[in-house]
Amino acid sequence: MAIVRVLVAVACALVLTAPSTAAALPPDDHRPATTTMKYQAGDLVAVVHAPRTLVGVRPLVLTHDVSALVLVRRGSVVVLVHDPSSLTRHRELWRELSADTGPLAERFGGFAGHFSVAEP
């Protein structure tokens, strides 16, 4: 009877500590958790797509091309701008944010130090 209890305890321990494979995604379908936020600063409107957890410095991509959203899954911060002619003004907002100032500082303050603004 003692051996049966030990075997049941071992079986339960193996089941409880085994890695779950039911929820595992195939390697090429891996999608890191992302977040989406909108901002408006005066007449500038954009939607920010970013990894949910910002670790290290991530590339910042300012674009009006929806196809760039694939870069979020690779760890970039993507700012999807509604008006392509305003890209330069949005870039300035993010440069100010990198110095922890400007109109985006209150809402996106956690981004400061975690992105690099690419030069055009």
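Which side chain meets that of Arg95 in a salt bridge? The points below take this up along with other features.

1. Basis. This is a predicted model, in which local features need pLDDT of at least 70 and side-chain atom pairs count only at pLDDT 80 or more, while totals for chains, interfaces and linings use all residues. Residues are numbered from 1 along each chain as its sequence is written, and side-chain values use heavy atoms, with hydrogens and water left out.

2. Pair within a helix. The side chain of Arg95 meets that of Glu92 in a salt bridge (2.6 Å, N to O); the term stands for a side-chain nitrogen of Lys or Arg within 4 Å of a carboxyl oxygen of Asp or Glu. Both residues belong to helix α2, 3 residues apart, and so are separated by about one helical turn. Helices (H or I, at least four residues) and strands (E, at least two) are DSSP runs, numbered from the N terminus. Arg95 is partly exposed at 27% relative accessibility, and Glu92 is partly exposed at 36%. Here buried means under 20% relative accessible area, exposed over 50%, and partly exposed in between (1.4 Å probe, protein chains only).

3. Pair across the sequence. The whole structure holds 2 salt bridges. Another pairing joins the side chains of Arg89 and Asp43 (2.5 Å, N to O). Because Arg89 lies in helix α2 and Asp43 in the loop between β1 and β2, this pair ties together parts that are 46 residues apart in sequence. Arg89 is partly exposed, at 43% relative accessibility, whereas Asp43 is exposed, at 57% relative accessible area.

4. Nonpolar core. The largest nonpolar core has 23 residues, of which Tyr39, Val79, Trp94, Phe108 and Phe111 touch the most other members. Such a core is a set of buried Ala, Val, Leu, Ile, Met, Phe, Trp, Tyr and Cys residues joined through side-chain atoms within 4.5 Å. Elements that each supply at least two residues include β1 (34–41), β4 (77–81) and α2 (87–98). Apart from residues up to four places away in sequence, Phe111 touches Met37, Val48, Ala50, Leu54, Val77, Trp94 and Leu97, where contact means heavy atoms within 4.5 Å.

5. Thr63. This residue sits in strand β3 and is buried, with a relative accessible area of 11%. A polar atom of the Thr63 side chain lies 2.9 Å from the backbone nitrogen of Asp65. Beyond neighbours within four places in sequence, Thr63 contacts residues including Ala68, Val79 and Leu87.

6. Asp100. In the loop between α2 and α3, Asp100 has a phi near 60°, a positive value in a residue other than glycine. Asp100 is partly exposed, with a relative accessible area of 48%.

Note on methods. A polar contact is a pair of N or O atoms within 3.5 Å; within protein, one must be able to donate a hydrogen and the other to accept it, and residues adjacent in sequence count only if both atoms are side-chain atoms.
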